[in-house]
Amino acid sequence: MDAPRRERDGAPALPSDVDVVVVGAGAAGLMAAIQASRRGRRTLLLEKQQRPGLKILISGGGRCNLTTTRAGSDLEAQYGAARGRFLRHALRAFPPKALRAFVEQAGVPLQEEDLDKLFPVSQKARDVVDALLRVLAQSGARLALGTPVRDVAAHAGGGFTVRTDRGDVQAASVVLATGGLSYPKTGATGDGYPWCRALGHTVTATWPALAPLAVAEPWVRELQGIVLHGVALTSLDAARRPVTTRVRPILFTHKGLSGPAPMDLAGDVEEAHGAAAVRFDFAPDRRDDELEAEWLALAAAHGGRRASSVLPAALPERVRAALCAHAGGDVLLANWPRPQRRALVAATKNLVVPVARSLGYDHAEVTRGGVALGEIDARTMQSKVRPGLFVCGELLDVDGPIGGFNFQAAFATGRLAGLHA
């Protein structure tokens, strides 16, 4: 790349012509720029914010849940059948163990924590961003911060013009890694969607995902502060058909439900357009008939106990009281009528709670929806409708659960884009 020109304010001017322009300096964009530049491609990485990697910096409460320990078909299944198939090549070419090695070789050791998560040993997301920037600089790529892109135009004979506030840049290839709409405070405003549409792509409907759920029912809010483990939570569509089940921690809040399980279901809730629900199973290791038989035996042997005593021992007292209230009260086992017993079985195994929405993009960790996967080559991330255009990361119609899965997909798809742009 030619020596940089200077703008009037003393900042290096943008080069007028490069091989690859990468738009967006998040996880996918940083990885794409590193890989493209390592191949000897003259690479320019553009970021509209004054700081790169903002979403990395705030992830995991500032600790950065970088990836997961899951692998192979188990890893792919976490994204759902269709999205998992699309990601198969990217994830197998660059699995979590490869990402871990990449980051640790850059000077940031990682450690495994609960729920198969990997975090920096330092517990500092800043260390991950700094390491990626070091590798980017070593690769020879140029990084231009505070440089919003206004348009990406394709040339009839190939190549692109990328229009920015600091001038136009000609490029043989463009990698779009602009992210989605989640966490707008990081600058995520969906910039890439209209560019992709203008370049011939279909952009599917988008929704907040990995966000807390807003629940109106008073009993849920009255349990504020309680965390449940080992409870199954299932999203139900408008017809009350099950969509996704998670057995992960559940946190009751003053607004509804948070924690990994509820947040994993936020995309399903949003897709139901206000008609969704979630279903609690407080004893997922027992069938309804098994549970009732156990309770009958306990009632015969301990008639002086109350109904709340037969509920799973791990449930906090306030949760037991709420379930008994749903079933008509915490009666003595000796006086436990069959309808009330059946009602407690139903409350324990099949308690359905309407959920109209999540808390939205301000609280969402990712965006569901995006550039249609059928229009992208899964082995290269190149557009099937616009040669030379590459799409990666959250801009794609790909999202996974909490636990480092979305960063893993971003790094893996960004890597493929950089290797082929």
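**Close-up views of a predicted model**

**View 1. The largest nonpolar core of the chain.** This core contains 80 residues, and V21, V175, L176 and F411 have the most contacts inside it. The model shown here and in the other views is predicted. In soluble globular proteins, nonpolar side chains tend to be buried together. Another core, of 44 residues, lies apart from the largest one and includes L228, I250, A299 and V345.

**View 2. Surroundings of V21.** With neighbours within four places in sequence left aside, V21 is in contact with L44, L46, V162, V169, A171, S173, V174 and V175. Of these, V175 is also among the residues with the most contacts inside the largest nonpolar core, as is V21 itself.

**View 3. Crossing of helices α11 and α13.** Helix α11 covers residues 288-301 and helix α13 residues 338-349; their axes come within 10 Å and cross at roughly 130°. The crossing of α11 past α13 is right-handed.

**View 4. Residues at the contact of α11 with α13.** From α11, D288, L291, E292, W295 and L296 take part; from α13, they meet R341, R342, L344, V345, T348 and K349. Sorted by class, the contact has 5 nonpolar, 5 charged and 1 polar residues.

**View 5. The whole chain, for context.** The chain has 14 helices and 21 strands, and its C-alpha trace spans about 85 × 40 × 40 Å along the principal axes. Of its 421 residues, 55% count as buried. Contacts joining residues at least 24 apart make up 71% of those between residues at least 6 apart in sequence.

Definitions and conventions
Residues are numbered from 1 along each chain as its sequence is written. This is a predicted model: local features need pLDDT of at least 70, side-chain atom pairs count only at pLDDT 80 or more; totals for chains, interfaces and linings use all residues. Side-chain values use heavy atoms; hydrogens and water are left out. Axes are lines fitted to C-alpha atoms, for helices over the stretch in contact, and angles run from 0 to 180 degrees between N-to-C directions. Helices (H or I, at least four residues) and strands (E, at least two) are DSSP runs, numbered from the N terminus. A crossing is left-handed if the near helix is turned anticlockwise from the far one by less than a right angle, and right-handed if clockwise. Contact means heavy atoms within 4.5 Å. Ala, Val, Leu, Ile, Met, Phe, Trp, Tyr, Cys and Pro count as nonpolar, Asp, Glu, Lys and Arg as charged, and the others, Gly among them, as polar. A nonpolar core is a set of buried Ala, Val, Leu, Ile, Met, Phe, Trp, Tyr and Cys residues joined through side-chain atoms within 4.5 Å. Buried means under 20% relative accessible area, exposed over 50%, partly exposed in between (1.4 Å probe, protein chains only).
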